[in-house]
Amino acid sequence: MEMIIDIILKAGRAAVELSLFVLLPVMVVMLCLMRLLEARGILDTLVGRLTPALKPFGLNGMGVFAALQINFVSFAAPIATLSMMEQRGTSDRHLAATLAMIFAMAQANAAFPMMTMGLQLGTTLAFSLLGGLAAAAATYHIFGRDLSAAEENVDESLQHPSAAGAKGVLDTINLAGAEAFRIAIGAIPMLVLSLVVVGALKRLGVIDLLTQWLTPLLALAAIEPALILPSLTKYLAGGTAMMGVMDEMRRGDQISVELLNASAGFLINPFDLPGVAFLISAGRRVGAVWKPAALGGCVGIVLRTAGHAFCG
């Protein structure tokens, strides 16, 4: 019983520290910046200029906006855009391409806080863009080519709060700060539970046993055994839980900065059980196209993984 209490207290302390002292300040700054750019209309201008160049990849204006959201806000941000795309009559083919792009890209709520662990943000964002575009193109032109391309007269305008005047700016900052606080506080339960499970598995010797079994197979593929734990955590519990495990491993010098960056391609994306379940809840048609989107997302993740491994 004493061992269990010790594991819970250590996991709780680590989760609160990571959420309140790493995730919260990073997300406050990024969300304030993004919401101010939205309110000033700067993002609309950027989306308008990028959309013609990205249409061959199967992305429309709202798809481009979803890419900015996943990279600079959080993995949860594009769900509102996906829902809006469905309601406004975007075709199933474009929906699948946008969903695949989101699956393959790096989510801001993991990427930006992991800068404190040594993650190279510029490289991560560059390969995130390449992987997202590859995923969208593969879905639109290959995996989702049989989906309906029929569209209604889609309204691609984006509604944002106004930041005209000092009060508008202050309101935007306050809303962004509140949103960042919700993200940080909401991450604590999953972080605590995942760190408790990981701590218990370590104390019981399960991780060592699993590593011992898998090491020969991983050696054939030139994969570091240290990646077993964060990989299992990521795909079963999500990116935020993986970030907590990776933070613990970095503090204990169990994983190097080089390996962290080399593994970013397949560890930092929302393509995991919680992420997929959350994103496909955006609407009935979004949920219906998840299979071709998942195949396209895998293409983008493989590309990102190869790029990070080569650069790492």
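This is a predicted model: local features need pLDDT of at least 70, side-chain atom pairs count only at pLDDT 80 or more; totals for chains, interfaces and linings use all residues.
## Nonpolar core

The largest nonpolar core holds 83 residues. Within this core, Leu-99, Met-101, Met-114, Met-246 and Ile-268 touch the most other members. Helix H1, which covers residues 2-39, gives the most to this core, with 13 residues.

Apart from neighbours within four places in sequence, Met-101 is in contact with Leu-59, Gly-63, Ala-66, Ala-67, Gly-132, Ala-135 and Ala-136.

Helix H4 spans residues 78-87, and seven of its 10 residues are buried, so the helix is largely enclosed by the rest of the structure. The buried residues of H4 are Pro-78, Ile-79, Thr-81, Leu-82, Ser-83, Met-85 and Glu-86. Their cover includes helix H3 (61-72), helix H5 (92-104), helix H14 (273-279) and helix H15 (284-288). After H4 comes Gly-89, which has a positive phi, near 90 degrees.

The loop between H3 and H4 contains Ser-74. With a relative accessibility of 4%, Ser-74 counts as buried, because the cut-off for buried is under 20%. Leaving out neighbours within four places in sequence, the contacts of Ser-74 are Met-27, Gln-69, Ala-108, Asn-109 and Ile-183.

## Nonpolar surface patch

Met-1, Met-3, Ile-4, Ile-5, Ile-8, Leu-9, Leu-204 and Val-206 make a nonpolar surface patch of about 790 Å². H1 supplies the largest share of this patch, five residues.

Leu-9 is one of the patch residues and lies in helix H1. Its relative accessible area is 52%, and Leu-9 is exposed.

## Salt bridges

How many salt bridges does the structure hold? There are five. In one of them, the side chains of Arg-203 and Asp-6 meet at 2.6 Å, N to O. Arg-203 belongs to helix H8 (residues 165-203) and Asp-6 to helix H1, so this pair ties together parts that are 197 residues apart in sequence. Both ends are partly exposed: Arg-203 has a relative accessible area of 41%, and Asp-6 has one of 28%. Another salt bridge joins Arg-285 and Asp-92, whose closest N and O atoms are 2.6 Å apart. Since Arg-285 lies in helix H15 and Asp-92 in helix H5, the pair links parts that are 193 residues apart in sequence. Arg-285 counts as buried, at 17% relative accessibility.

Asp-272 and Lys-234 also form a salt bridge through their side chains (2.5 Å, N to O). Asp-272 sits in the loop between helix H13 (264-267) and H14, and Lys-234 in helix H10 (residues 228-237), so the pair ties together parts that are 38 residues apart in sequence. Asp-272 and Lys-234 are both buried. Salt bridges with shared partners also join Asp-6, Lys-10 and Arg-203 into one network.

## Cysteines

A disulfide is a covalent bond between the sulfur atoms of two cysteines. The count of disulfides in this model is zero. Is Cys-32 buried or exposed? Cys-32 counts as buried, at 12% relative accessibility. Cys-298 is partly exposed, with a relative accessible area of 34%.

Technical notes:
Residues are numbered from 1 along each chain as its sequence is written. Side-chain values use heavy atoms; hydrogens and water are left out. A nonpolar core is a set of buried Ala, Val, Leu, Ile, Met, Phe, Trp, Tyr and Cys residues joined through side-chain atoms within 4.5 Å. Buried means under 20% relative accessible area, exposed over 50%, partly exposed in between (1.4 Å probe, protein chains only). Helices (H or I, at least four residues) and strands (E, at least two) are DSSP runs, numbered from the N terminus. Contact means heavy atoms within 4.5 Å. Patches are made of residues with over 30% relative accessible area and no salt bridge: like charges are joined within 9 Å, nonpolar side chains (Val, Leu, Ile, Met, Phe, Trp, Tyr) within 5 Å. Accessible areas come from the Shrake-Rupley method with a 1.4 Å probe; for residues, only the protein chains shown count as cover. A salt bridge is a side-chain nitrogen of Lys or Arg within 4 Å of a carboxyl oxygen of Asp or Glu. A disulfide is a pair of cysteine sulfur atoms within 2.5 Å.
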